[in-house]
Every structure is written in structure tokens, then in C-alpha cells.
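Please examine the model shown below before reading the report.

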Amino acid sequence: MMDNAISLMIAIPLIAAIFAFMNGKFAKYAALIGSLIPLAISLQMFREFDRTTNVMQFVESYDWVPAIGVKYTVGVDGIGLPLILLSTIVTVLVVLYSWGEKKRSNQFFALLLLNEVGVLGVFAALDFFLFYIFWEVVLIPMFFLVGIWGGPRKDYAAIKFFIYTHVASLIMLLSIFALYFSYRTPEGLRTFDMMTLLAATGDSTIFSPMALNLIFFGLLFGFLVKMPAVPFHTWLPDAHVEAPTAGSVLLAALLLKMGGYGLFRIIMPMLPNVSPNYITLMAVVGVVSIVYGAFLALSQKDLKKMVAYSSVSHMGFVLLGAGALSVLSVQGAMFQQFSHGLITCVLFMSAGTIQHTAGTRIISELGGLADRMPQFAVLMMAGFMASLGLPGMSGFVAEVSVLAGSYENLPIYVLITVFGSIAVTAGYHLWAMQKVMFGPILKKYLDLKDPHSYEILSMSILVLLIIYFGVQPATITDIMGVAAEPLVQPFITLAQTGVI
Amino acid sequence: MTLGFGDYLSLMGAESLLTGLVMLMILLGLYLKNKNIQGYLALAGLGIALFLSIGADMTKGPIFFGTIEVDALSQFFKLIFISVSLIVVLAGLTRYKDSPAQDEFYILLLLATIGMMVVASSIDLLTLWIGFELASISTYAMAAFDKEKRNLEAAMKYFIFGSVSSAMMLFGFSILYGLTGSTRIAEVAASSMEMMGPATLVALLFVVAGFGFKMALVPFHMWAPDTYEGSPTIVTAFLAAGSKKMGFVAAFKVIFIALVALRLEWFMAFAVLVAITMTLGNVVAIWQKSVKRMLAYSSVAYAGYIAIAFVVVGAVNNGGFDLGVAQNGIAASLMLILGHAFSKTGAFIAVAVVGYMALREGRNNPDDIEHYAGLGRRAPITAFCMLVFLFSLSGIPPTAGFVGKFLVWGSAMDSGLVWLAVLFALNSALSLYYYLRVIMYMYMKEPAGAKIAEPRGYVLAMVVALVAVFYIGIFPQAFVDFASSAAAVLLH
């Protein structure tokens, strides 16, 4: 069975989605089963994964459209596997959190599953054609989640989200074509195989520096929009604010990770062959995202919008870590992806729960909720602490790894980040927490009580995972380290020979 | 090798069958009281014709004194034409059920299909023109079939523009004949390559203008939105998906075979024409309130996308001849044509369902986007099919439209037309706006009325198109091969 683990993992939610769509009554059960099975498969993969090597594992490859060199190739390594694990965990918990969804529940749960199909495909595809298909498929469920279950400005937000990210994908696609048409296999055939094409970018007889830099720019643009990095982040707050809670969680926890994944899978292997200015660019954009995102979050009145901007800030660490080019920083950036995926779930679930219990998310109109919602308060507090980087939780490990790893190559950037964002980040988290949860309870909130048990349950599982990975990060960082090494190795060699 | 009667029958089996069927249906029409059976006859005939034309031997060479050839190119287009007719007949089974003149609808439809098939197979200017006229005249009548005021206006416009374009084409052909002394396309190409002069250019201009009308390229597109909007919707489906594609196959044959050889820098002019066509089509489509008219303008934009193949071939032709690139470019356009044919037919049939529903509720402007509000709950199957067709048209995987657009992007990049590829990408994103708006109305607005019973024939037609769109999108291999060998025909 494990021979086709990845295909099964992608197919099962798809089949479950069809069942859920057909029958509204059983939709949530179909969704739960259809997301638990992939979780079981991914856990088994994680157990069986060979942690000592960097080769692709669980690889499946079949001819699909041989006329244009397209294969169905999937496989995972230390870059993809943690994100696959993250996707399967988050999907189960989102289904659980949304257990009470009544409005058009058949479509709702089908879309959650369809989203899982898309992201799992992105994280496993090793063929550019396949990769692009899954990359685009992800847009569809999110468009509907925002557009149907969204807030007052859902139409605008859904269309903006779709078109903005679609344009970025198209630019990425054109770059993929430029790679595709520049290279022929030794047999004289064209191929969309990702690893082959990326390896070919090192061959200066195939790609002129000028062409390669342009191609690189197109790809980088596609991923930066998805992450999103400042100044391409403007679609994110709109989508988040209008999206239903489940949509926001999936968007922040999984969809943003696609951009980061592209960074490690596609951008970094090309990095040694393109202009070194790009490394500076990535680091600068990373730092600007961290600092500017934190300040934006500080100034928000809406709790959810604040959380959305905190995502921009936290995803900046991924970019900084990738641009710093040391094993520790790259590994930290990969772990930041995983860790932020868990933490942001708690944050958005908190915002969602407050919205539907108290009826508003405006920070200044809330107060003292902890008095009536003690269990919820603990979980939300834990989430906020994790997000601001409290030691003992996964966010701390990730951000410290990034900062410590980056200090060697980019000391100034690290200093700017530390002085520009750490205090602000702590500030907006604590201030929001203090205003919303603590202090004397406002009269209008006297009859609130803790939210449904399924909401508490899914948030508790997340908090436990955050603490577990904060204490035992090596469970997953070991495979990230193995994957990070070959990405960084060319630069170490270059530095030793004195080129850089 | 002389081919006997048996060979003719096997090569032209589909055409012969359909022609015989038309005769039979005319005869039956005189005697039958209940004419509903005629639709099923047409359906069965088209179904068999589909198999006959797929199974035809493509290696036999020209027949009918070198005027007709059965090759991959002709069969590829026949596949499209017959499938589109088949889907339209399915919809017609409901639309014209119990109507007294329904047999005429099917007869005209079959005649038009035969005309298109003849065009697809012609390798002679005269045969090509005759096929063209057979198809055109039948569709003029179809456009006015419901005999409503707006039908008549649409048909009149279509007829006038159509006859002028036919006349232009014929005039161009006659100059070519005068210059080269032959009507065989290959011979015309060979001779005009030797003696290229101003007269050849004039001929070229007339031929391009003539085909430009049929393909609805800017600036020859004005008739299309009006005609598409005014015709009965299932006829519009046939016009947009079938009749327009006939313009393309004819243009492919004549422009490529006869005129590529001229080695002129005409491709830049064509590139500008293509760029304007797609941008104009999309920009105007955004402002439309009527979904039918919006789809008509999106058809104009699509004409631009498809015509990128001309530019690609021109670019390849202009700088060092690499046949592989040109072949891929044409094959990509053929795939786009295939995807567009199924998606557009389906989309127009969905429009027909909504129009039918709105008319029964006694509303004005049956095609207005307001009637799409909450369609996801009022008519779930129609809405879902429409959703898939719109995603296919906007190039979202895994659909036939995506495969076509994907290949065309690739071919534009391959031939070094990066600016055109980027413009195409931006246009495609722009088009997403108006497609998404319809989807938004269907799924995100509150329903404007009660759930309706979806007419069975329409549903069946849409489901057939839906299956085709997904099948081509997920298993494109066979079709890409087919398109590739069809493209090879043009380049030899």
C-alpha cells in the first residue's frame, strides 16, 4: 500500500469530496473520514521515511502526456514531507472545528477536502505540469469558501484573491515554459520533470545568465505573491477578513506555505546560478515583511486583520532564513513554515470563535471574555504566546534558528529584525490579548460561555502539538536539516573557493 | 492508384450517410404527423458519422479528382463539427419538441454540418467555397429559426456580413486562379511562390478579410455579438462552436498552404491584429450585462487566442525555419479550438436553460446576468456544468480549455514571442473577471425564484460536453497526438 501512498493520499479526499457534495447529511462524516485516512497515511510515511538521505522517497512516476513530456511524478523529501504532514493534520482539525457548519454544509465540507487535494498535490508533485495544475486547483475551493461563506465584502475579496494570485501563477507558468523550451534530455526530448530542469539551470551552455535571471524573477514573483511578501501582500488581508474561519485557517496555514515551499523546492536550487543580487533582494523583502507586517498588525482594530498581518510578518522569517544561506537558517525557515502553520490555526480559530460568540472582532469593543470563557481563554493565550515566540513553543525554536543561523551571513539584517520587530510583535499580541480577554468583563458579554466542545478540542490538539514541537523539535527538524544541506552546499563551496 | 467506389464510401462514409439521412428526413417530413422522431434520427446519424469519420483511413490520398482529401487535419475538425452538432441536436430534442417545423431545424443543422465537413476535407479552392456556402446558407436560416423579431435582425445582419465576406473570399480566389491557373491549393501555393507580385498581395488581402469575418477577428467582428445574441441560443452554440471553427480550418488551409510560402513579414501585422482582437474582446466583454453577449465577446477574444498560431508560424517562417516549432504552434491552436468548441457549446446551452427558465417566468431580457442569481440552488446541474465550462474557458485546470491555453502559451514562448505570451496571459486573467462574475451570481447570490425542473435534453447535452471537457483535460495525450499529426498535414 505504501507504494502508492501519495496517490492514495491525494485520491481519497477527492473521492470523499464527491460523496460529501452528493449528500449533505453525511457530508461532515465523509469529510472527517476523508481527511483522517490521509492523516494516517502521512503519519505512516513519516515513520517509514528514511531520515539519513536526501533522495526523493515514495516516488511514483507514470507517463501522462508523453507528447509534451509530461509525467505524473510525485514523491517527497525533507522539504515536502513536513508540509504534507501539516496539511493532513490541519485539514482534520479544520473539519473538526467546523463540525457545526449548517449553511450549505455539503458544499462546505467538499471544498475543505478539495483544498486538501490541491495542497497535497502541490507539496508532492515533481513534474512542473502537475505542480501547476495543483497550484491552480487550490484557488477554486478558496474562492468559493470566501465567496459563499464570507463576510460583507466577500464578492470583492474572492475575486481579488482569485485574479491576483492567478496572475502571479501565470507569470510563474511563463517562466516554467522558458525552462521547458530551453532544455532537451540527452535523448532529445522535452520534459517537465522538475528535478531534471532545475539541475539543468546549472548548465551555462543552456541558459544565458540574462535569460536565467528573467526566468528566476518570474518564478520568485509567483512565490512571493503567494507567501505573501511585502509589497505583494495586499490581497491577503481582504481575503482573510472576509473569509469564514475555516477558510482563513486553510489560507494561512496551508496556502501561504505553498509560496514558501516553492522557495525551497524551486528557487533555492536555482539560486547559485543567478545574480547574487537576488539573495540580497530576498533578505531585504524578508526583513521588510517582518518589520512592516508587525507594525501593520500593531495598528489594526480588527482582531482577525491583526492576525492576518502577523502572518505576513511571520512568513518574512521564511524568506530571511532562505536568503541567509546557512544550514541552520534554512532549516529554521522550513520549521517556521511548519510551526506557523500550527500556530496561525489557533489564532484564526480564536478570532473566529470570538466573532461568533461575542458578535464582533473589533478589539476595542471586546473585554474580559476570559471571565466567562475560561477554557477558551487558556487556549487562545497559548496560541498568542506561541505566536509571539515564547520559549518552549514551536514558534520560538523556528525564529531563533532563523535569526541565529542568519547572523553569520547577514548580521545587519538580523539586528534590524530583532530591534524592529520583536518588541512590536510582543506588543500587539499582548495588547490585543489583554484588551479582549482580561480586565473587567463588559456587561453585554455576561451571558457568554465557552464555545462548542469540538472547537475546544481542535484548538487543544493544536496547542499540544505546538508545545510538543517546541520541546522536541528534532522529531521533524532532522529531516529538514538533511534537506537543507544540499541547498546550502554550493554556497559554502563558493565561499571556500573565494568566489563570494 | 485508382480508388474504387468502395474506397470512396469508406473515406466519405460520414458525409454520405448524413447526406442520405437529410434526403430521408425531407421525405419523411412530408408524411409524418409526429415529427419528434426526426430529432432521434439526426442524433443516430450523427452518432454513427462520428465513428465513421474517426475510423476513416487517413492515408489514401486525394479523391474526387484531387479536390477532397481525408487526412488527420480534416478528421480532427470533423470530430469537432460532428460532436458540436450532436450536442446541439440533444438540446434541440427538448427545445423543438412538438414544434411543427422541427424537422427543418435538424435538416438545416445536418446540411450545415455536411458543409463544414466538406470544407475540412477540401484541398481545392472551389470545393472549399462550395462547402463554405452550404454551411453558411444553412446557418443563415437557422439564425432566424424562431422567427422572432430579434432573430430576424440577427439573421439579416449575419446574412449580409456573411455574403459580403463570401464575395470577398471568392474575389480573392478568382485573382489567385487568374494568377496561377489552378484552383488546387497546393498548386496555387507553389506557383505564387515563384511569381510573387502586388496582385498576389491584393488576393491575400481579400482572402484574409473573407476569413476574418467568419473567424470574427477584429476589425471584422462586428456582426458576431449581435448575431450571437439575437439567434436562438442553441443555434448560437452551433455558430460559435461549429461555424466559426469552419472559418479557422479554411483559414489554416488557405493561409498556411498558399501563403506561408510567401516569406513575407506579414506576421507582425497579424500579431498586432491578434493582440487587438483578444484585448478588445475581453475589455468589451467585461461591460456586458447579458451573459449571452458576454460569451459572444469572449468568443471574439478566443478568435484572437486561436489565431496566435498564424503569428507563431509567421515568426518561425521569418527567422530560420524550424518545422517542429511551427507544428507545435498549430497543434496548440487546434487543441484550443477543440477545448473552446466543447466549452462554448456547453456554456451556450446553459444560457439556453436560463433563458428558457426566465421566459417561462415571464421576464424581460432572458439572458440578463440577474437571472443567474442563485442558479446553484435553482438548477444545480446546469449551474455546475456552467461552472466547469467557465473555468475551462478561463483556462483553469483540469479542463480541456486549460490544456489548449497551456499549449498556446508554450508555443508562443517557444517561438520567441514572449510579449504576445505575456499579453495572452494578462488577457486570460482579465477574462477571469467576467467569468467569475457569472459564477459569483450562480453560487453566491440568493436565488431569485424557486427550484426549477431542468429540461432533460439540455441537461443531457451539457453532461456530454462536460464529460468531453474533463476527458480532454485529464487525458489529453490522444488528442495532442491527433492535433500534432493534423498540424503536420498543413506543413507538408
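The text that follows treats the two chains in turn, then their contact, and then selected local features.

The structure is a predicted model; local features need pLDDT of at least 70, side-chain atom pairs count only at pLDDT 80 or more, and totals for chains, interfaces and linings use all residues. Residues are numbered from 1 along each chain as its sequence is written, while chains are lettered from A and ligands numbered from 1 in the order in which they are written.

## The two chains

Chain A contains 19 helices and 2 strands. Here helices (H or I, at least four residues) and strands (E, at least two) are DSSP runs, numbered from the N terminus. The radius of gyration of chain A is 22 Å, close to the 23 Å that the globule rule gives for 500 residues, so chain A is as compact as a globular protein of that length. The radius of gyration is taken over C-alpha atoms, and the globule rule is 2.2 Å times the number of residues to the power 0.38. Chain B has 21 helices and 0 strands. For its 492 residues a compact globule would have a radius of gyration near 23 Å, and the 21 Å of chain B agrees with this.

A residue is buried if 20 or more other C-beta atoms lie within 10 Å of its own, exposed if 12 or fewer, and partly exposed in between; C-beta atoms are placed from the backbone.

| Chain | Span of the C-alpha atoms | Buried residues |
|---|---|---|
| Chain A | roughly 75 × 55 × 40 Å | 61% of 500 residues |
| Chain B | about 70 × 55 × 40 Å | 62% of 492 residues |

Two residues are in contact if their C-beta atoms, placed from the backbone, lie within 7 Å. In chain A, residues 24 or more positions apart account for 79% of the contacts with a separation of 6 or more. In chain B, 80% of the contacts between residues at least 6 apart in sequence join residues at least 24 apart.

## Where the chains meet

The contact between the chains takes 24 residues from chain A and 23 residues from chain B. On the side of chain B, the elements that give two or more residues are α18 (400–414), α19 (418–444) and α21 (477–490). Of these, α19(B) gives the most, with 11 residues. The residues on this side divide into 17 nonpolar, 4 polar and 2 charged. In this count Ala, Val, Leu, Ile, Met, Phe, Trp, Tyr, Cys and Pro are nonpolar, Asp, Glu, Lys and Arg are charged, and the others, Gly among them, are polar.

Helix α6(A), residues 139–149, is mostly covered, with 10 of its 11 residues buried. Among them are A:F143, A:F144 and A:W149.

## Strands and a helix pair in chain A

Strand β1 (residues 57–65) and strand β2 (residues 70–76) of chain A pair in the antiparallel sense over 6 bridges. Two strands pair if DSSP finds at least two bridges between them. A:E60 stands opposite A:V74, and A:V65 stands opposite A:V70. The hairpin has 4 residues between the strands, and A:G69 takes a positive phi near 75°.

In the helix pair, A:F376 and A:L379 are among the residues of α15(A) that meet α18(A), where the partners include A:M459 and A:V463.

## Local backbone details

Two cis peptide bonds lie in one region of chain A. One joins A:M227 and A:P228, with omega about -15°; the other runs from A:V230 to A:P231, with omega near 10°. A:P228 lies in the loop between α9 and α10 of chain A, and A:P231 lies in the loop between α9 and α10 of chain A.

Which value does phi of A:R104 take? Phi of A:R104 is near 45°, a positive value in a residue other than glycine. A:R104 is partly exposed, because 18 C-beta neighbours lie inside 10 Å. In chain B, phi of B:F65 is near 55°. B:F65 is exposed, because 9 other C-beta atoms lie within 10 Å.
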